[in-house]
Amino acid sequence: MANPAARVEVRRGALRPGGIIGRMAITLKTAEELQGMRIAGRLASEVLDLLAEHVKPGITTDQLDAIAHQHITQVQGAVPAPLNYAPPGYTPYPKSICTSVNHQVCHGIPNERALKNGDIVNIDVTVIKDGWHGDTSRMFIVGEGSIAAKRLCALTYEAMWKGIVMVRPGARLGDIGHAIQRFAEGQGFSIVREFCGHGIGQKFHEEPQVLHYGRPGTLEELVPGMVFTIEPMINAGRREIRELGDGWTIVTRDRSLSAQWEHTVAVTETGYEVLTLSAGSPAVPAFVGAPAAQTPAPATLAG
């Protein structure tokens, strides 16, 4: 789930974050704490594995939310982090997952609208297991999507990985944003700038804020133990967005399609580890090679 208050503004070169993260130090995770995050991250990804079987024409996003809620609470023995989440200035989020359809950028609220052939939908899942958050999202094409929709979804996935492979000790957050921006804009797309990735751990949203655009060699230096999400929101049209009256759903102002993928990533001594992989995760792009990640293990069941 993107940092919903990262409505960042740049004035005279200074990044001024607002909203739910506020001012706090970056927390570095120990080896033991990372193990807790691996479990939470895998469980979140396994919810998406389950939902993949159900995303087809005729199902409603409310039904997808119900399937996810039951699995998270009854099978995984975890908590859906979005449910009743209420950062300052927001009404409590009413559902267990986010479902953003077509021109919805992020934080779409599940409802009774049935998905139809050709829709694209981002499903964003965050679970809390033993106090640790796992946050990930994927794009799904409903039925037979258009060539343009398939291209947007595929290249947004590559854009996320262009950012992930920049993660290593000594790199900077600006390197991640620059890699994503250069690739996405080179494909003729635009990047949403008002929302960004975020640190994560025992809190849903922590420092640092992870922009999906920027200049190389700028912003925070990466050190082992940092954990954050990389989750670019990329539009087929212009980058401008607006918020709907529900106070959560963000849409493209020009109603162009928007896509987003998300992984939670840890900085290791030698590079990175993706914490939100599971048996059903899509294959990584060819330029990545074998990602540094845990071997998926069976989900922890509720006792």
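Q: Is tyrosine 157 buried or exposed, and what is its relative accessible area?
A: This is a predicted model, in which local features need pLDDT of at least 70, side-chain atom pairs count only at pLDDT 80 or more, and totals for chains, interfaces and linings use all residues. Residues are numbered from 1 along each chain as its sequence is written, and side-chain values use heavy atoms, with hydrogens and water left out. Buried means under 20% relative accessible area, exposed over 50%, and partly exposed in between (1.4 Å probe, protein chains only). Tyrosine 157 therefore counts as buried, with a relative accessible area of 9%.

Q: How far apart are the end C-alpha atoms of helix H3?
A: Helices (H or I, at least four residues) and strands (E, at least two) are DSSP runs, numbered from the N terminus. The expected span of a helix is 1.5 Å times one less than its number of residues. For the 18 residues of H3 (residues 147-164) that gives 26 Å, and the end C-alpha atoms agree, being apart by 26 Å.

Q: What kind of aromatic pair do tyrosine 157 and tryptophan 161 form?
A: Rings of Phe, Tyr and Trp (its six-membered ring) pair if their centres lie within 6.5 Å; planes under 30 degrees apart count as stacked, over 60 as edge-to-face and the rest as tilted. The whole structure holds five aromatic pairs. Tyrosine 157 and tryptophan 161 are four residues apart in helix H3, which means about one helical turn separates them. Their ring centres are 6.5 Å apart and their planes stand at 75°, so the pair is edge-to-face.

Q: Which parts of the chain does the pair of tyrosine 157 and tryptophan 261 tie together?
A: This aromatic pair is tilted, with 4.5 Å centre to centre and 55° between the planes. Tryptophan 261 is buried, at a relative accessible area of 9%. The pair ties together parts 104 residues apart in sequence, because tyrosine 157 lies in helix H3 and tryptophan 261 in the loop between strand E15 (258-260) and strand E16 (263-267).

Q: Over which ring does the charged end of lysine 162 sit?
A: A charge sits over a ring if NZ of Lys or CZ of Arg is within 6 Å of the ring centre and within 35 degrees of the ring normal. For lysine 162, the charged end is 4.2 Å from the centre of the ring of phenylalanine 287.

Q: Which side chain makes a polar contact with the side chain of serine 45?
A: Serine 45 is in helix H1 (residues 31-52) and is buried, with a relative accessible area of 1%. A polar contact is a pair of N or O atoms within 3.5 Å; within protein, one must be able to donate a hydrogen and the other to accept it, and residues adjacent in sequence count only if both atoms are side-chain atoms. The serine 45 side chain also reaches the backbone oxygen of threonine 276 at 3.4 Å. At 3.0 Å, its side-chain partner is arginine 138.
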